[in-house]
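User: I have a protein model open and want to get to know it. Can you walk me through it?
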Amino acid sequence: MGRFWRLVGAAVLALFSLVVLAQEEDDPVKEAEKQKKQLLEQSGGILPSDLYVEQGEQLFKARRGPKNASLEACDFGRGPGKLEGVVGRLPRYFFDTRKVEDLDSRIRTCMIRLQGFQPQDIRRSDVVAIAFYIASLSNEQPVTVRPLMPQEKKLYELGEQLFYLRAGPRDMGCATCHVTYVGKRAGVLPYSDILKDKRAASHWPAFRYSNDQAWTMADRIRACYANLGMPAPDFYSEPIIALTLFMNTQARGARMDLPGFIR
């Protein structure tokens with residue numbers, strides 16, 4: 001049995017034995033820290049996010065696709081194969097695609113260009129796992145996103161417009177929750193302050209222990225749209241990248257906690 005599957009077994013046992021605290025913490029960060037500590041104690045030091053990192057590393061280094069190539073030559077902004085700290089620099093403009101790309105879309109680009117995958121053949125779960133692996137190499141690195149290129153500035157402006165846009169059947173938008181109602185609760189969780197709390201955008205991708213799922217920022221944005229009763233933007237689409245660029249710019253200076261572990 002391989003190391004990956006031994007990790008899977010240990011983590012699954014830990015998840016089944018984890019007792020969610022009946023009394024919720026007022027501070028979601030403290031609650032997550034408590035849940036993380038409890039899970040680590042019960043799993044022998046293994047978190048579910050470790051499994052995604054392990055799986056992502058295998059996918060990243062494996063020769064796959066029609067071109068039988070790995071992703072090790074992919075350039076995430078620091079040069080081919082250089083992964084440390086890259087998550088804190090994304091989204092950014094890439095000259096080879098002439099597009100601003102975030103982590104998810106850059107992984108997809110490299111799977112198409114280096115490995116020869118057709119877009120429709122790229123599994124979302126593979127992109128998420130690879131994102132977890134790359135994110136693990138940016139842990140505790142600073143967020144340095146600063147739109148400087150004209151293409152970045154243009155997309156930042158779009159992200160800002162989308163953030164404040166109110167639409168849909170509930171006449172709400174991102175700012176309704178993350179500016180107007182900051183501190184109030186959505187169920188058990190208070191709305192995060194995207195504009196002032198740099199932690200809010202600096203822990204994605206993250207494992208959500210409340211639903212046992214691995215999400216990137218794109219999943220988080222799409223879920224917010226669904227909560228507002230609006231159609232969710234497609235993965236890798238311009239609205240997703242624009243909103244990520246706007247929020248990551250607000251988080252500039254934060255130290256990343258990656259992969260995140262949140263409710």
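Analyst: Let's start with a term: a disulfide is a pair of cysteine sulfur atoms within 2.5 Å. This is a predicted model, so local features need pLDDT of at least 70 and side-chain atom pairs count only at pLDDT 80 or more, while totals for chains, interfaces and linings use all residues. Residues are numbered from 1 along each chain as its sequence is written, and side-chain values use heavy atoms, with hydrogens and water left out.

User: OK, how many disulfides does the structure hold?
Analyst: The structure holds 1 disulfide. The disulfide joins Cys74 to Cys110, with 1.9 Å from S to S.

User: Where do Cys74 and Cys110 lie?
Analyst: Cys74 is in the loop between α3 (48–61) and β1 (92–94), and Cys110 is in helix α4 (residues 103–113), so the pair ties together parts that are 36 residues apart in sequence. Those labels come from DSSP runs: helices are H or I with at least four residues, strands are E with at least two, and they are numbered from the N terminus.

User: And why is the disulfide right-handed?
Analyst: The torsion about the S-S bond of Cys74 and Cys110 is about 70 degrees, so the disulfide is right-handed.

User: Are Cys74 and Cys110 buried or exposed?
Analyst: Both Cys74 and Cys110 are buried. Buried means under 20% relative accessible area, exposed means over 50%, and partly exposed is in between (1.4 Å probe, protein chains only).

User: What about Cys224, which cysteine holds its closest sulfur?
Analyst: That is Cys174, at 6.5 Å, again too far for a bond. Cys224 is partly exposed, with a relative accessible area of 23%.

User: New topic. Which residues touch the most other members of the largest nonpolar core?
Analyst: Phe76, Ile107 and Ile134 do, in a core of 64 residues. Helix α5 (residues 124–136) gives the largest share of this core, 9 residues. A nonpolar core is a set of buried Ala, Val, Leu, Ile, Met, Phe, Trp, Tyr and Cys residues joined through side-chain atoms within 4.5 Å.

User: Which residues does Ile107 touch?
Analyst: Leaving out residues up to four places away in sequence, Ile107 touches Phe76, Val127, Ile130, Ala131 and Ile134. Contact here means heavy atoms within 4.5 Å. There is also a second, separate core of 6 residues, with Ala32, Leu47, Phe207 and Phe261 among them.

User: Let's do helix α6. How many residues does α6 have?
Analyst: Helix α6 (residues 150–164) has 15 residues. From its first C-alpha to its last, α6 reaches 22 Å, close to the 21 Å expected at 1.5 Å a residue. The expected span is 1.5 Å times one less than the number of residues.

User: Which residues of α6 are buried?
Analyst: Glu152, Leu155, Tyr156, Gly159, Leu162 and Phe163 are buried in α6. They cover an arc of only 125 degrees around the axis, which puts them on the same side of α6. The arc is that of the directions from the helix axis to the C-beta atoms. On the other side of α6, Pro150, Lys154 and Gln161 are exposed.

User: What covers the buried residues of α6?
Analyst: The cover includes β1, β2 (99–101), α7 (174–180), α8 (217–227) and α9 (238–250).

User: And which residues are buried in α8?
Analyst: In α8, Met217, Ala218, Asp219, Ile221, Ala223 and Tyr225 are buried. Their cover includes α4, α5, α6, β6 (213–215) and α9. Gly229 follows α8, and its phi is positive, near 80 degrees.

User: Last topic: how many salt bridges does a search of the whole structure find?
Analyst: The search finds 9 salt bridges. A salt bridge is a side-chain nitrogen of Lys or Arg within 4 Å of a carboxyl oxygen of Asp or Glu. One of them pairs the side chains of Arg263 and Glu31, at 2.7 Å from N to O. This pair links distant parts of the chain, 232 residues apart: Arg263 is in the segment after β7 (260–262), and Glu31 is in helix α2 (residues 28–43). Arg263 and Glu31 are buried.

User: Which residue forms a salt bridge with Asp104?
Analyst: Arg124 does, with the closest N and O atoms 2.9 Å apart. Arg124 sits in helix α5 and Asp104 in helix α4, 20 residues apart.
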